[in-house]
Amino acid sequence: MGMDGQISLSYNRRGTFQEDDFGLVYDGFVCVVPLTGTDPAAAWRREPDVLVARWIQKYPGMQKPLRAKSTEGLLCLTGAAGTRMLVASAVAVIAVSMPHPFMDQGADFLRVRVFYHDKCFDGACSASLFTRFHRECIAPSLGVPVEYEFHGLVHRAGALFTESDFTGDENVIVDFKYSASPRITWWFDHHQSAFLTPADHAHFQACLLDPVCSRRKFFDPAYTSCTSFLAHIGVTQFGFDVKPLAELICWADIVDGAKYESPESAVEMAAPAMKLTLIIEATQDPEFIPKLIPLLTEMPLQEVLRQPFVAHLLPPLMEQHSRAIELIRERAEYRDGTIFFDISDHPMEGFNKFIPYYLFPEAIYSIGLSKSSFRTKVAVGSNPWTKIDPETMVNLAQVCERYGGGGHARVGAISFSPDRSDEARAAAKVIVAELREAGLREK
Ligand SMILES: [Mn+2]
(Lines give C-alpha, C1' and ligand atoms only; values in the text may rest on other atoms or scores of the structure.)
Protein backbone atom coordinates (compact mmCIF):
# COMPACT_ATOMS: atom_id res chain seq x y z
CA MET A 1 0.00 0.00 0.00
CA GLY A 2 3.03 2.23 0.05
CA MET A 3 2.63 3.21 3.69
CA ASP A 4 5.31 2.77 6.31
CA GLY A 5 4.53 2.37 9.95
CA GLN A 6 3.05 -0.40 11.92
CA ILE A 7 -0.46 -1.51 12.44
CA SER A 8 -0.51 -2.36 16.09
CA LEU A 9 -3.95 -3.73 16.69
CA SER A 10 -6.61 -5.52 14.82
CA TYR A 11 -10.24 -5.19 13.94
CA ASN A 12 -12.42 -4.54 16.83
CA ARG A 13 -16.02 -4.59 15.78
CA ARG A 14 -17.20 -5.96 19.11
CA GLY A 15 -14.81 -3.94 21.18
CA THR A 16 -13.94 -0.28 21.31
CA PHE A 17 -15.75 0.62 18.15
CA GLN A 18 -19.45 0.65 17.74
CA GLU A 19 -21.24 -2.34 16.37
CA ASP A 20 -21.64 -1.16 12.79
CA ASP A 21 -18.06 0.07 12.44
CA PHE A 22 -14.77 -1.42 11.62
CA GLY A 23 -11.70 -0.18 13.44
CA LEU A 24 -7.98 -0.67 13.47
CA VAL A 25 -5.00 1.20 14.78
CA TYR A 26 -2.46 2.15 12.19
CA ASP A 27 0.85 3.54 13.40
CA GLY A 28 -0.80 5.07 16.45
CA PHE A 29 -3.73 6.47 14.47
CA VAL A 30 -7.16 5.10 15.09
CA CYS A 31 -9.15 4.50 11.95
CA VAL A 32 -12.79 3.75 11.79
CA VAL A 33 -14.72 2.54 8.79
CA PRO A 34 -18.48 2.15 8.65
CA LEU A 35 -19.50 -1.34 7.69
CA THR A 36 -23.05 -0.36 6.98
CA GLY A 37 -24.68 2.52 5.21
CA THR A 38 -23.30 4.36 2.22
CA ASP A 39 -20.04 3.57 0.49
CA PRO A 40 -17.48 5.37 2.69
CA ALA A 41 -15.13 6.02 -0.22
CA ALA A 42 -17.85 7.79 -2.16
CA ALA A 43 -18.99 9.65 0.95
CA TRP A 44 -15.44 10.82 1.58
CA ARG A 45 -15.02 12.18 -1.96
CA ARG A 46 -18.35 13.95 -1.75
CA GLU A 47 -18.35 15.43 1.76
CA PRO A 48 -15.16 14.80 3.82
CA ASP A 49 -16.08 17.39 6.49
CA VAL A 50 -19.43 15.74 7.15
CA LEU A 51 -17.82 12.32 7.48
CA VAL A 52 -15.16 13.57 9.90
CA ALA A 53 -17.75 15.47 11.94
CA ARG A 54 -19.85 12.34 12.20
CA TRP A 55 -16.94 10.28 13.56
CA ILE A 56 -15.98 12.93 16.04
CA GLN A 57 -19.53 13.04 17.32
CA LYS A 58 -19.66 9.26 17.56
CA TYR A 59 -16.30 8.82 19.31
CA PRO A 60 -16.07 11.53 21.97
CA GLY A 61 -12.46 10.64 22.82
CA MET A 62 -11.44 11.98 19.42
CA GLN A 63 -12.90 15.45 19.66
CA LYS A 64 -11.54 18.64 18.19
CA PRO A 65 -9.12 17.65 15.46
CA LEU A 66 -6.20 20.05 15.46
CA ARG A 67 -4.54 18.87 12.34
CA ALA A 68 -5.67 17.13 9.24
CA LYS A 69 -3.55 15.83 6.42
CA SER A 70 -4.01 13.59 3.50
CA THR A 71 -1.52 10.90 2.56
CA GLU A 72 -2.16 8.68 -0.39
CA GLY A 73 -5.85 9.08 0.00
CA LEU A 74 -5.84 8.80 3.78
CA LEU A 75 -6.78 11.65 6.04
CA CYS A 76 -4.96 11.86 9.38
CA LEU A 77 -6.36 13.85 12.26
CA THR A 78 -4.70 14.87 15.50
CA GLY A 79 -7.09 15.06 18.42
CA ALA A 80 -7.12 17.42 21.39
CA ALA A 81 -5.74 14.98 23.93
CA GLY A 82 -3.07 13.73 21.60
CA THR A 83 -5.44 11.15 20.19
CA ARG A 84 -4.81 10.87 16.53
CA MET A 85 -7.49 9.75 14.21
CA LEU A 86 -7.30 8.52 10.71
CA VAL A 87 -10.34 8.64 8.54
CA ALA A 88 -10.07 7.74 4.93
CA SER A 89 -11.78 6.59 1.87
CA ALA A 90 -8.88 4.25 1.33
CA VAL A 91 -9.44 2.55 4.64
CA ALA A 92 -12.32 0.72 3.10
CA VAL A 93 -9.79 -0.65 0.63
CA ILE A 94 -7.45 -1.65 3.48
CA ALA A 95 -10.33 -3.51 5.02
CA VAL A 96 -10.79 -5.53 1.90
CA SER A 97 -7.18 -6.03 0.84
CA MET A 98 -5.75 -6.67 4.32
CA PRO A 99 -7.85 -9.19 6.19
CA HIS A 100 -5.60 -8.72 9.21
CA PRO A 101 -2.85 -6.17 9.91
CA PHE A 102 -0.18 -8.75 10.77
CA MET A 103 -1.19 -11.27 8.17
CA ASP A 104 1.23 -12.14 5.43
CA GLN A 105 0.05 -10.85 2.09
CA GLY A 106 -1.70 -13.70 0.40
CA ALA A 107 -2.08 -15.80 3.55
CA ASP A 108 -5.52 -17.29 3.71
CA PHE A 109 -5.73 -17.81 7.47
CA LEU A 110 -4.76 -16.00 10.63
CA ARG A 111 -2.16 -17.53 12.98
CA VAL A 112 -2.81 -16.94 16.66
CA ARG A 113 0.11 -18.06 18.79
CA VAL A 114 -0.75 -18.62 22.45
CA PHE A 115 2.09 -18.53 25.01
CA TYR A 116 1.22 -20.09 28.38
CA HIS A 117 2.80 -20.99 31.72
CA ASP A 118 4.28 -24.42 31.00
CA LYS A 119 3.79 -27.54 33.18
CA CYS A 120 1.03 -25.77 35.09
CA PHE A 121 -2.63 -26.80 35.17
CA ASP A 122 -3.81 -23.17 35.24
CA GLY A 123 -1.45 -22.30 32.37
CA ALA A 124 -2.88 -25.04 30.15
CA CYS A 125 -6.49 -24.21 31.13
CA SER A 126 -5.91 -20.49 30.44
CA ALA A 127 -4.53 -21.27 26.98
CA SER A 128 -7.52 -23.46 26.25
CA LEU A 129 -10.03 -20.93 27.55
CA PHE A 130 -8.42 -18.10 25.56
CA THR A 131 -8.60 -20.18 22.40
CA ARG A 132 -12.29 -20.91 22.80
CA PHE A 133 -12.93 -17.26 23.72
CA HIS A 134 -11.07 -16.01 20.64
CA ARG A 135 -12.77 -18.52 18.38
CA GLU A 136 -16.25 -17.61 19.63
CA CYS A 137 -16.00 -13.88 20.36
CA ILE A 138 -13.22 -12.46 18.18
CA ALA A 139 -12.59 -14.69 15.16
CA PRO A 140 -16.09 -14.46 13.63
CA SER A 141 -15.63 -10.74 12.95
CA LEU A 142 -12.23 -11.21 11.28
CA GLY A 143 -13.61 -12.79 8.14
CA VAL A 144 -10.73 -15.28 7.78
CA PRO A 145 -10.15 -18.77 9.21
CA VAL A 146 -8.00 -18.76 12.35
CA GLU A 147 -5.39 -21.31 13.40
CA TYR A 148 -4.14 -21.58 16.97
CA GLU A 149 -0.66 -22.66 18.07
CA PHE A 150 0.63 -23.23 21.60
CA HIS A 151 4.02 -22.51 23.10
CA GLY A 152 4.98 -23.08 26.77
CA LEU A 153 6.97 -20.53 28.79
CA VAL A 154 9.09 -21.29 31.87
CA HIS A 155 10.55 -19.11 34.60
CA ARG A 156 14.31 -18.99 34.21
CA ALA A 157 17.24 -16.74 34.99
CA GLY A 158 17.84 -13.98 32.44
CA ALA A 159 15.54 -13.09 29.55
CA LEU A 160 12.17 -14.84 29.86
CA PHE A 161 11.06 -14.27 26.29
CA THR A 162 12.59 -14.94 22.93
CA GLU A 163 11.30 -12.18 20.67
CA SER A 164 11.85 -14.34 17.59
CA ASP A 165 9.24 -16.79 18.97
CA PHE A 166 6.54 -14.14 18.58
CA THR A 167 5.84 -15.16 15.00
CA GLY A 168 2.04 -15.24 15.06
CA ASP A 169 -0.23 -12.74 13.36
CA GLU A 170 -1.45 -12.36 16.93
CA ASN A 171 0.76 -13.32 19.91
CA VAL A 172 -0.98 -13.97 23.19
CA ILE A 173 0.46 -14.45 26.70
CA VAL A 174 -1.64 -16.09 29.42
CA ASP A 175 -0.76 -16.84 33.07
CA PHE A 176 2.76 -15.49 32.62
CA LYS A 177 4.76 -12.30 33.00
CA TYR A 178 4.16 -9.14 30.95
CA SER A 179 6.12 -8.51 27.78
CA ALA A 180 6.38 -4.99 26.34
CA SER A 181 7.03 -6.41 22.87
CA PRO A 182 4.87 -4.72 20.20
CA ARG A 183 4.25 -8.19 18.79
CA ILE A 184 2.23 -9.16 21.87
CA THR A 185 -1.41 -8.35 21.13
CA TRP A 186 -3.19 -10.01 24.08
CA TRP A 187 -2.13 -10.55 27.73
CA PHE A 188 -3.90 -11.99 30.77
CA ASP A 189 -2.23 -12.56 34.16
CA HIS A 190 -3.02 -12.81 37.86
CA HIS A 191 0.45 -13.15 39.43
CA GLN A 192 1.47 -10.62 42.06
CA SER A 193 4.89 -10.44 40.40
CA ALA A 194 3.63 -9.97 36.82
CA PHE A 195 6.11 -7.26 35.86
CA LEU A 196 9.79 -8.05 35.56
CA THR A 197 10.83 -4.39 35.58
CA PRO A 198 9.32 -0.97 36.45
CA ALA A 199 9.60 -0.18 32.73
CA ASP A 200 7.32 -3.12 31.91
CA HIS A 201 4.84 -1.91 34.52
CA ALA A 202 4.90 1.62 33.07
CA HIS A 203 4.37 0.17 29.58
CA PHE A 204 1.26 -1.63 30.82
CA GLN A 205 -0.03 1.49 32.62
CA ALA A 206 0.25 3.40 29.34
CA CYS A 207 -1.66 0.60 27.60
CA LEU A 208 -4.52 1.01 30.09
CA LEU A 209 -4.95 4.64 28.97
CA ASP A 210 -5.34 3.58 25.36
CA PRO A 211 -8.93 2.62 24.52
CA VAL A 212 -7.88 -0.11 22.13
CA CYS A 213 -4.92 -1.58 24.02
CA SER A 214 -6.85 -1.68 27.29
CA ARG A 215 -9.32 -4.02 25.61
CA ARG A 216 -6.54 -6.53 24.95
CA LYS A 217 -4.31 -6.62 28.03
CA PHE A 218 -5.66 -7.52 31.45
CA PHE A 219 -4.16 -7.94 34.92
CA ASP A 220 -5.76 -8.62 38.30
CA PRO A 221 -3.78 -10.26 41.12
CA ALA A 222 -7.01 -10.67 43.14
CA TYR A 223 -7.93 -13.69 41.01
CA THR A 224 -6.99 -17.17 42.26
CA SER A 225 -6.38 -18.49 38.75
CA CYS A 226 -5.72 -16.91 35.36
CA THR A 227 -8.46 -19.17 34.00
CA SER A 228 -11.16 -17.66 36.22
CA PHE A 229 -9.84 -14.15 35.48
CA LEU A 230 -9.98 -14.75 31.72
CA ALA A 231 -13.50 -16.15 32.07
CA HIS A 232 -14.56 -13.04 34.00
CA ILE A 233 -13.18 -10.66 31.35
CA GLY A 234 -14.69 -12.75 28.55
CA VAL A 235 -18.13 -12.73 30.14
CA THR A 236 -18.25 -9.10 31.29
CA GLN A 237 -16.56 -7.42 28.33
CA PHE A 238 -17.09 -9.65 25.31
CA GLY A 239 -20.27 -11.63 25.94
CA PHE A 240 -18.38 -14.95 26.17
CA ASP A 241 -20.53 -17.88 27.30
CA VAL A 242 -18.56 -19.84 29.94
CA LYS A 243 -21.45 -21.92 31.27
CA PRO A 244 -20.19 -25.11 29.55
CA LEU A 245 -16.74 -24.53 31.13
CA ALA A 246 -17.74 -24.38 34.81
CA GLU A 247 -15.85 -27.58 35.77
CA LEU A 248 -12.60 -26.35 34.23
CA ILE A 249 -12.80 -22.87 35.78
CA CYS A 250 -13.66 -24.23 39.22
CA TRP A 251 -10.76 -26.71 39.22
CA ALA A 252 -8.26 -24.13 37.96
CA ASP A 253 -9.09 -22.10 41.09
CA ILE A 254 -8.79 -25.13 43.36
CA VAL A 255 -5.47 -26.32 41.94
CA ASP A 256 -3.77 -22.93 41.42
CA GLY A 257 -4.94 -21.64 44.81
CA ALA A 258 -4.35 -24.99 46.61
CA LYS A 259 -7.93 -24.64 47.85
CA TYR A 260 -8.56 -28.32 48.49
CA GLU A 261 -11.47 -29.00 50.78
CA SER A 262 -9.63 -31.78 52.62
CA PRO A 263 -6.27 -33.61 52.72
CA GLU A 264 -8.05 -36.51 50.98
CA SER A 265 -9.02 -34.39 47.96
CA ALA A 266 -5.44 -33.06 47.75
CA VAL A 267 -3.74 -36.46 48.06
CA GLU A 268 -6.06 -39.21 46.86
CA MET A 269 -6.17 -37.78 43.30
CA ALA A 270 -9.76 -38.87 42.83
CA ALA A 271 -10.80 -35.91 40.66
CA PRO A 272 -9.85 -35.97 36.95
CA ALA A 273 -8.40 -32.46 37.35
CA MET A 274 -5.96 -33.77 39.96
CA LYS A 275 -4.83 -36.59 37.72
CA LEU A 276 -4.37 -34.17 34.81
CA THR A 277 -2.35 -31.87 37.07
CA LEU A 278 -0.09 -34.76 38.02
CA ILE A 279 0.53 -35.50 34.33
CA ILE A 280 0.94 -31.84 33.29
CA GLU A 281 3.50 -31.14 36.04
CA ALA A 282 5.55 -34.27 35.28
CA THR A 283 5.62 -34.32 31.48
CA GLN A 284 8.96 -34.04 29.71
CA ASP A 285 7.41 -34.22 26.23
CA PRO A 286 7.28 -30.74 24.63
CA GLU A 287 4.45 -31.84 22.34
CA PHE A 288 2.18 -33.18 25.06
CA ILE A 289 0.64 -29.99 26.53
CA PRO A 290 0.06 -28.31 23.12
CA LYS A 291 -1.87 -31.43 22.15
CA LEU A 292 -3.82 -31.42 25.42
CA ILE A 293 -4.79 -27.71 25.44
CA PRO A 294 -7.50 -27.77 22.74
CA LEU A 295 -9.26 -30.68 24.46
CA LEU A 296 -9.61 -28.98 27.85
CA THR A 297 -12.49 -26.74 26.71
CA GLU A 298 -13.96 -29.29 24.33
CA MET A 299 -14.95 -32.16 26.62
CA PRO A 300 -15.33 -33.02 30.32
CA LEU A 301 -11.98 -33.55 32.09
CA GLN A 302 -12.84 -37.22 32.68
CA GLU A 303 -13.03 -37.65 28.91
CA VAL A 304 -9.73 -35.80 28.37
CA LEU A 305 -8.15 -38.28 30.75
CA ARG A 306 -9.52 -41.18 28.71
CA GLN A 307 -7.77 -40.07 25.50
CA PRO A 308 -5.14 -42.72 24.66
CA PHE A 309 -2.26 -40.22 24.46
CA VAL A 310 -3.15 -39.07 28.00
CA ALA A 311 -4.35 -42.28 29.66
CA HIS A 312 -1.10 -44.24 29.38
CA LEU A 313 0.88 -41.56 31.24
CA LEU A 314 -1.12 -41.82 34.45
CA PRO A 315 -0.38 -45.28 35.95
CA PRO A 316 3.40 -44.81 36.48
CA LEU A 317 2.81 -41.39 38.04
CA MET A 318 0.10 -42.71 40.37
CA GLU A 319 2.45 -45.52 41.36
CA GLN A 320 5.24 -43.04 42.13
CA HIS A 321 2.77 -40.98 44.17
CA SER A 322 1.69 -44.07 46.16
CA ARG A 323 5.31 -44.94 46.86
CA ALA A 324 5.89 -41.42 48.23
CA ILE A 325 2.86 -41.80 50.52
CA GLU A 326 4.10 -45.17 51.81
CA LEU A 327 7.64 -43.90 52.33
CA ILE A 328 6.50 -40.85 54.28
CA ARG A 329 4.08 -43.01 56.31
CA GLU A 330 6.97 -45.32 57.18
CA ARG A 331 9.38 -42.53 58.14
CA ALA A 332 7.10 -39.99 59.79
CA GLU A 333 7.51 -39.28 63.51
CA TYR A 334 4.49 -37.43 64.81
CA ARG A 335 4.62 -35.78 68.23
CA ASP A 336 3.32 -32.58 69.86
CA GLY A 337 1.51 -31.38 66.74
CA THR A 338 4.58 -31.71 64.52
CA ILE A 339 5.54 -34.30 61.88
CA PHE A 340 9.14 -34.98 61.00
CA PHE A 341 10.31 -37.27 58.20
CA ASP A 342 13.65 -37.90 56.56
CA ILE A 343 13.45 -39.46 53.09
CA SER A 344 16.79 -38.08 51.89
CA ASP A 345 18.07 -41.63 51.27
CA HIS A 346 15.37 -42.03 48.57
CA PRO A 347 16.14 -39.35 45.97
CA MET A 348 13.02 -38.06 44.18
CA GLU A 349 12.32 -34.96 42.12
CA GLY A 350 9.25 -33.97 44.08
CA PHE A 351 6.29 -35.23 46.06
CA ASN A 352 2.85 -33.98 46.97
CA LYS A 353 3.33 -31.56 49.87
CA PHE A 354 -0.04 -32.41 51.47
CA ILE A 355 0.86 -36.06 52.18
CA PRO A 356 1.97 -35.40 55.80
CA TYR A 357 -1.42 -33.90 56.73
CA TYR A 358 -3.23 -36.70 54.95
CA LEU A 359 -1.41 -39.15 57.22
CA PHE A 360 -1.74 -37.02 60.38
CA PRO A 361 -4.80 -34.76 59.98
CA GLU A 362 -4.39 -33.40 63.53
CA ALA A 363 -0.84 -32.15 62.83
CA ILE A 364 -0.10 -28.42 62.82
CA TYR A 365 3.41 -28.43 61.32
CA SER A 366 5.56 -30.74 59.22
CA ILE A 367 9.27 -30.79 58.50
CA GLY A 368 10.55 -32.98 55.70
CA LEU A 369 14.12 -33.70 54.72
CA SER A 370 14.44 -34.81 51.09
CA LYS A 371 17.04 -35.01 48.39
CA SER A 372 16.89 -34.46 44.63
CA SER A 373 19.62 -34.38 41.98
CA PHE A 374 20.60 -30.80 42.77
CA ARG A 375 19.83 -30.17 46.45
CA THR A 376 18.99 -31.38 49.92
CA LYS A 377 15.82 -29.68 50.99
CA VAL A 378 14.26 -28.94 54.35
CA ALA A 379 10.56 -28.32 53.70
CA VAL A 380 8.84 -26.56 56.58
CA GLY A 381 5.07 -26.43 56.27
CA SER A 382 1.85 -26.05 58.18
CA ASN A 383 -1.44 -27.87 57.85
CA PRO A 384 -3.80 -25.82 55.60
CA TRP A 385 -6.80 -27.51 57.28
CA THR A 386 -5.71 -26.93 60.90
CA LYS A 387 -8.30 -25.34 63.20
CA ILE A 388 -5.57 -23.54 65.16
CA ASP A 389 -5.81 -19.73 65.21
CA PRO A 390 -3.37 -18.51 62.53
CA GLU A 391 -2.43 -15.57 64.78
CA THR A 392 -0.77 -17.91 67.27
CA MET A 393 1.14 -19.94 64.67
CA VAL A 394 4.87 -19.71 64.09
CA ASN A 395 5.95 -17.63 61.08
CA LEU A 396 7.72 -20.27 58.99
CA ALA A 397 9.29 -17.79 56.55
CA GLN A 398 11.21 -16.27 59.47
CA VAL A 399 12.30 -19.72 60.66
CA CYS A 400 13.62 -20.60 57.19
CA GLU A 401 15.31 -17.23 56.71
CA ARG A 402 17.58 -18.00 59.68
CA TYR A 403 19.15 -20.73 57.54
CA GLY A 404 19.17 -18.80 54.27
CA GLY A 405 15.81 -20.14 53.11
CA GLY A 406 12.47 -18.40 52.74
CA GLY A 407 8.83 -18.63 51.77
CA HIS A 408 5.53 -17.50 53.25
CA ALA A 409 4.29 -17.37 56.84
CA ARG A 410 2.53 -20.71 56.42
CA VAL A 411 5.05 -22.60 54.28
CA GLY A 412 8.77 -22.28 53.64
CA ALA A 413 11.87 -24.20 52.62
CA ILE A 414 15.65 -24.22 52.93
CA SER A 415 17.90 -25.61 50.20
CA PHE A 416 21.37 -26.99 50.86
CA SER A 417 23.83 -28.19 48.24
CA PRO A 418 23.86 -32.01 48.10
CA ASP A 419 27.22 -32.19 49.92
CA ARG A 420 25.82 -30.27 52.91
CA SER A 421 23.26 -32.88 53.97
CA ASP A 422 24.61 -32.93 57.54
CA GLU A 423 23.93 -29.22 57.94
CA ALA A 424 20.44 -29.74 56.54
CA ARG A 425 19.78 -32.53 59.03
CA ALA A 426 21.06 -30.41 61.93
CA ALA A 427 18.86 -27.46 60.91
CA ALA A 428 15.83 -29.76 60.60
CA LYS A 429 16.46 -31.09 64.11
CA VAL A 430 16.51 -27.60 65.65
CA ILE A 431 13.35 -26.55 63.79
CA VAL A 432 11.49 -29.74 64.77
CA ALA A 433 12.27 -29.11 68.45
CA GLU A 434 11.16 -25.49 68.15
CA LEU A 435 7.86 -26.32 66.43
CA ARG A 436 7.08 -29.17 68.85
CA GLU A 437 7.49 -26.71 71.70
CA ALA A 438 5.09 -24.34 69.94
CA GLY A 439 2.77 -27.30 69.32
CA LEU A 440 2.73 -28.14 73.02
CA ARG A 441 1.66 -24.59 73.85
CA GLU A 442 -1.33 -24.99 71.49
CA LYS A 443 -2.70 -27.88 73.53
MN1 LIG B 1 -1.87 -19.27 37.42
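Helix 4 (residues 121-138) packs against helix 10 (residues 288-296) at an angle of about 55°, their axes lying 8 Å apart. The structure is a predicted model, in which local features need pLDDT of at least 70, side-chain atom pairs count only at pLDDT 80 or more, and totals for chains, interfaces and linings use all residues. Residues are numbered from 1 along each chain as its sequence is written.

Helices (H or I, at least four residues) and strands (E, at least two) are DSSP runs, numbered from the N terminus. Axes are lines fitted to C-alpha atoms, for helices over the stretch in contact, and angles run from 0 to 180 degrees between N-to-C directions. Angles under 35 degrees count as roughly parallel, over 145 as roughly antiparallel, 65 to 115 as roughly perpendicular and the rest as oblique.

Helix 4 and helix 10 are therefore oblique to each other. In their contact, Ala 124, Cys 125, Ala 127, Ser 128 and Thr 131 of helix 4 meet Ile 289, Leu 292, Ile 293, Pro 294 and Leu 296 of helix 10; two residues are in contact if their C-beta atoms, placed from the backbone, lie within 7 Å. By class, this contact of helix 4 with helix 10 has eight nonpolar, two polar and no charged residues. Here Ala, Val, Leu, Ile, Met, Phe, Trp, Tyr, Cys and Pro count as nonpolar, Asp, Glu, Lys and Arg as charged, and the others, Gly among them, as polar.

A further pair is formed by helix 6 and helix 7 (residues 246-256), which pack at an angle of about 135° with axes 7 Å apart. That makes helix 6 oblique to helix 7. Thr 227, Ser 228 and Ala 231 in helix 6 meet Leu 248, Ile 249, Ala 252 and Asp 253 in helix 7.

Two single residues are described next. Val 112 belongs to strand 7 (residues 110-117), while Asp 220 sits in the loop between strand 11 (217-219) and helix 6 (226-238). Val 112 is buried, with 24 other C-beta atoms within 10 Å, whereas Asp 220, with 13 C-beta neighbours inside 10 Å, counts as partly exposed. A residue is buried if 20 or more other C-beta atoms lie within 10 Å of its own, exposed if 12 or fewer, and partly exposed in between.

| C-alpha pair | Distance along the chain | C-alpha separation |
|---|---|---|
| Val 112 and His 134 | 22 residues | 9.2 Å |
| Asp 220 and Phe 188 | 32 residues | 8.5 Å |

Leaving aside neighbours within four places in sequence, Asp 220 is in contact with His 190 and Phe 229.
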